[in-house]
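Here is a brief report on one chain. Please look over the sequence and the structure before reading on.

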Amino acid sequence: MVVSENGVLQDRGLALTSYYDALLDNAFGNFRSLLKAVTLTPAMGLYLNMQGNAKGSLINGTHANENYAREIQ
């Protein structure tokens with residue numbers, strides 16, 4: 001579960017501090033709580049470009065963005 005200040009998060013200090021706080025608050029809890037907290041941070045949404053991600057469709061030939069799924073594997 002990595003984000004970087006390079007790229008889309010450059011000059012987005014509030015998103016990065018929110019992510020850091022989520023890690024800090026959940027570092028010694030269980031993994032499910034940590035994963036949920038990190039998933040809901042704006043930094044993760046921006047970094048993995050989840051905004052506006054639609055599900056895939058065989059009919060239209062579109063594929064869902066799977067960055068998040070690869071990240072948590």
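Leucine 40 is exposed, because its relative accessible area of 64% lies over the 50% cut-off. The model is predicted. Leucine 40 is found in the loop between α2 and α3. Its C-alpha atom is separated from that of alanine 22 by 9.1 Å. Along the chain, leucine 40 and alanine 22 are 18 residues apart.

Threonine 62 also lies in a loop, the one between α3 and α4. Its relative accessible area is 40%. That value falls between the 20% and 50% cut-offs, so threonine 62 counts as partly exposed. Alanine 22 is again a reference point: it is 40 residues from threonine 62 in sequence and 33 Å away in space, C-alpha to C-alpha. Leaving aside neighbours within four places in sequence, threonine 62 is in contact with Lys55, Gly56 and Ser57.

| Leucine 40 | between α2 and α3 | 64% | 9.1 Å |

Now the fold. The chain has four helices and zero strands. Read along the sequence, the pattern is α-α-α-α. The C-alpha trace spans about 45 × 30 × 15 Å along its principal axes.

Which residues make up the largest nonpolar core? There are nine in all: Val3, Leu9, Ala15, Tyr19, Leu34, Val38, Ala43, Met44 and Leu48. Three helices each supply at least two residues of this core: α1 (13-26), α2 (31-39) and α3 (42-47). Valine 38 is one of the core residues. Not counting residues up to four places away in sequence, valine 38 touches Met1, Tyr19, Leu23 and Met44. Tyr19 and Met44 are themselves members of the core.

Whole-chain values complete the account. Of the 73 residues in the chain, 21% are buried. The chain exposes about 5,600 Å², and carbon and sulfur atoms supply 54% of that area. Consider contacts between residues at least 6 apart in sequence: 42% of them join residues at least 24 apart. The chain carries 5 positive and 6 negative charges. The mean positions of these two sets are 14 Å apart.

Key: Residues numbered from 1 in each chain as written. Predicted model: local features only at pLDDT ≥ 70, side-chain atom pairs only at ≥ 80, totals over all residues. Heavy atoms only, no water. Buried < 20%, exposed > 50% of the residue type's maximum accessible area, 1.4 Å probe, protein only. Contact = heavy atoms within 4.5 Å. Areas by Shrake-Rupley, 256 points an atom, 1.4 Å probe, with all protein chains shown as cover. Lys, Arg positive; Asp, Glu negative; His and termini not counted. Charge placed at Lys NZ, Arg CZ, Asp CG, Glu CD. Core = buried A, V, L, I, M, F, W, Y, C linked by side-chain atoms within 4.5 Å.
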